[in-house]
Structures are given as C-alpha cells and as structure tokens.
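Visitor: Can you walk me through this one? I have some questions about the packing and a few residues.

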Amino acid sequence: MRRAAHAALLAFEARPENAEELAARFAASSFDGRDRALLRELVYGALRWRNRLDFALSRCLEKPPDRLPPPVREALRLGAYQLLFLDRVPAHAAVNASAGLAGAGPWERGLVNAVLRRLTPPAPPDELEERLVLWESHPRWLVRRWLAALGGEGARARCEADNAEGPLVLRANPLRTSPQALAARLAEDGMETAPGLADPECLRVISQESALTGTAAFAEGLFIVQDEASSLAARYAGARPGERVLDACAAPGGKTACLAWAAAPAGRVVAGDASFARLARLRENCARIGADVPAVVMDASRPSFGAAFDRVLVDAPCSGLGVLRRHPDARWRLREEDLAAHGRRQGEILRRAAEAVRPGGRLIYAVCTNEPEETEEVASGFEGPDFVPEGAGQGDIPELRRVIGPDGALRIRPEEAPGLDGFFAMRWRRRG
C-alpha cells in the first residue's frame, strides 16, 4: 500500500487530480478492503496535511521540502504523516518503508531515514495567518481571502472544518423504507448509525464491520450515499409528485435520485450531463434504487428541450471549496482566478438552462461552495424580468427553513453548526 500511495502522490505532483480517483487508480487488483482503506488513508492524509508535514520536515532539513527530488519529498511526506498522525503504525515500519521509497541511491535512502528519525511534532505558529497556512495546511491565497471575508475566528473555524473527516451519511429511499427501518436493517449487518443532524431522512454511520456495498440494504436499493447539505439542497429544489424535472448537470446522481423520489409516482425526471462515463455511473445508481430516470448526454449550456419542464435544477460545476473536507486535493489544485472562471461558466449555464423552464415553472441553481464569485454574484447576475426569486414556501420542511435567508437563498457554511458540507442555492419562478 505504501508503494501505491507513494506512486499516487508522485502522480498528483506531476498532474493534480481528484484524490478519490487517484486512490482508485493506484489500488492493485490484489488489494482487499483493508488494503484499500489504508491506501486511501495515506493518500488523503498526506494531501490534507501537506503544509503541516512540510512545516515539520523543514526543521530537519537544510532546504525546503519543495526543493528536494519528488520521490524523496513524497517519501518524506508519507513517512511524516504516519509518524505524526497514525498511532497504529510502528515508527520503525514507517521510517524503513519510506526510506525504501525514496530512490535507489544511498543518499536518498540515508536522507529520508535520518530526517524521519529526528522528526518530532512541531508547535503551531503564534501568528494567525502562518498558523492557518502551516498548521491548518491551507494555501496562502485562500487563507488571506478568508481572513478578509470572514475575520480571524471565521477563517480559523472554516480551515478547521475543512480538516475534519467528513462523515459517511446515507439518505433513506422513501419509496422502499424509512430512516428508522433502514437503521434497523443496517444494524443486522453490523453497522451502527445515528439520526441525521439536519435532515431527518438521513443517517450518519457511526461504525461498520463490513463494506457498505456488501450490505443487503445496499443491494436492495434502500439508500444512497449523500451528505446532509446535499440532501437539503435537493429538498430545496422542491420537486412535487407528477412534475417534469430536468437535472441539467446530474452526475453522479444523488440529487437526481431525490428528485425522482419526490416526483413519483407519475412524474418524470430527466438526467443530463456532459460526461458519458459519469452518466453510466448514474444509470447504475438509479437502477439500484429503482428510479426510472432517462439519462442523456448534453451540454447544460445548450439544452434542446424547449420550455418543457416544471423544474430545472442546475447543480453547476464549481470550485468545490465547500466540500474540502471530502476532497483534500482541491485546495492544492485550485487557483484564485479559477473562482471567477467558474462563476462565468455557471452564469452561462444558468441562462441557457432557464430556457427549459415552462411559464410558471421553477429554476434552481446550486453549488457546493460559498465563494461570492460562484454564488451571490452569479445569482444577482441572472435575475431578470422573466424570473422572480422565490422565498421559503409551505412545502419546505422546518430543517430547510432554518438555512433559507430572507432573500430566499439557501446558505450552508461548513464552519457553522451542525457541521455540514458548504452549499449555496437559489431558486426562481418563471412568470407566466
């Protein structure tokens, strides 16, 4: 596993990509469930804590880690993560394995061995910006941005929320079970759950003895995996029985499933996405939960349906800065200028997708980020005479009303209780 993790981290340095896909790509076919879990732990941990690891390592080096040859640097980070964060890994095993990964030469092996044997936990810097960059392991541009926008306490709280491990959350399939019945069924497979903190249809997994996909409840399509914030955003879309709904950026399909459940039994949800491969995964998920959803390859900025839908959801491609706890790679992949580029793309998609809304229908825009360029500015740039913002409605559950502001927008921030992914959403009604 350590060799696979080292190769994955080297690949990320050469070309940053999604950590989940990276771990899956470097997992050998011979790996069992425990091996894959350890590989994920090593890759996610080394990426999440990269700045703190480098901060600790730099005290034992004559030059910064980023000036070392990549195989040596990633071997040091991998070893440092095991020594500083994992109690169950013997120190000698972490040191010896990392030295073996550093390269064929005696200099590389000797350096890694000597540095890791001297490594001790550092104390956090006193100055706040340095603390958030080095200790909380965030890029400096993002820290400065959040310090300006959120203040010291707010920026610190958001960085700490990003570094928490996101819980495994399940949304019960209302057409086949209830949250209470699902909890009992999962308990039979050795899985302990607790009620959702914000959405009563969700369960948070506390412990599990076997892989989720190996449970009978999974095979019977009794749930989907979905964070509570995402579940609330799907509820915010407000699909009703019998409605025709377009999910314009649908894959991987979590919100599609929720829309299909809400529109059942006589409604029809169409799932569109630009990626054929991602739609294949969506079809597989929908088949498992018994949702009859046509899936079409489409460019969301060029819909060709006419004004045919009661509701159109634009779950737009975004920076994902609201879900950094689940995607530790994203903080190193993104640049500040990417936010405005995402916002422009979202605005374009929103304007064109709006054409598919029938008079009297609803348009919903959702993103898993809280940055102004991708949220407020896109929403305010869209508003026009044909569409009017819609506030909290009679059909909204109390849990949803708590996160809808006076302007009708849904705002969930990761640093606020009860600890969900970050989300923004806005909905409009088309006049007619």
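Predicted model: local features only at pLDDT ≥ 70, side-chain atom pairs only at ≥ 80, totals over all residues.

Visitor: Which domain does UniProt place at residues 158–431?

Guide: The unreviewed entry gives "domain: SAM-dependent MTase RsmB/NOP-type" there. UniProt positions are in the numbering used here, feature names are shortened, and annotations may be inferred rather than shown by experiment.

Visitor: How much of that span is helix and how much is strand?

Guide: Residues 158–431 are 32% helix and 23% strand, and the end C-alpha atoms lie 39 Å apart. Helices (H or I, at least four residues) and strands (E, at least two) are DSSP runs, numbered from the N terminus.

Visitor: Where does UniProt put the active site?

Guide: At Cys368, again from the unreviewed entry. Cys368 sits in the loop between β9 (357–367) and α17 (376–382).

Visitor: And what is Cys368 in contact with?

Guide: Setting aside neighbours within four places in sequence, Cys368 contacts Cys318, Gly320, Leu321, Gly322, Val323, Gly422 and Phe423. Contact means heavy atoms within 4.5 Å.

Visitor: Switching to helices. At what angle do α5 and α7 cross?

Guide: The axes of α5 (residues 70–85) and α7 (residues 106–118) cross at roughly 25° and come within 10 Å. Axes are lines fitted to C-alpha atoms, for helices over the stretch in contact, with angles from 0 to 180 degrees between N-to-C directions. The two helices are therefore roughly parallel to each other; angles under 35 degrees count as roughly parallel, over 145 as roughly antiparallel, 65 to 115 as roughly perpendicular and the rest as oblique.

Visitor: Which residues make the contact?

Guide: Val72, Ala75, Leu76, Gly79, Ala80 and Leu83 come from α5, with Trp107, Glu108, Leu111, Val112, Val115 and Leu116 from α7. They divide into 10 nonpolar, 1 polar and 1 charged. Here Ala, Val, Leu, Ile, Met, Phe, Trp, Tyr, Cys and Pro count as nonpolar, Asp, Glu, Lys and Arg as charged, and the others, Gly among them, as polar.

Visitor: How are α2 and α3 placed, then?

Guide: Helix α2 (residues 19–26) and helix α3 (residues 33–48) have axes within 10 Å, crossing at roughly 140°, and are therefore oblique to each other. Ala19, Glu20, Leu22, Ala23 and Phe26 of α2 meet Leu39, Val43, Tyr44 and Leu47 of α3. That contact has 8 nonpolar, no polar and 1 charged residues.

Visitor: Back to α5. Is Glu74 buried or exposed?

Guide: Glu74, in helix α5, counts as buried because its relative accessibility is 2%. Buried means under 20% relative accessible area, exposed over 50%, and partly exposed in between (1.4 Å probe, protein chains only). Not counting residues up to four places away in sequence, Glu74 touches His6, Leu9, Leu10 and Glu13.

Visitor: What about Asp315, buried or exposed?

Guide: Buried, with a relative accessible area of 19%. Asp315 belongs to strand β8 (residues 309–315) and, neighbours within four places in sequence aside, contacts Cys249, Lys255 and Ala366.

Visitor: Last one: where is Asn163?

Guide: In helix α9 (residues 140–163). Asn163 is buried at 10% relative accessibility. Beyond its neighbours within four places in sequence, Asn163 contacts Arg48, Trp49, Glu136, His138 and Arg331.

Key: Residues numbered from 1 in each chain as written. Heavy atoms only, no water.
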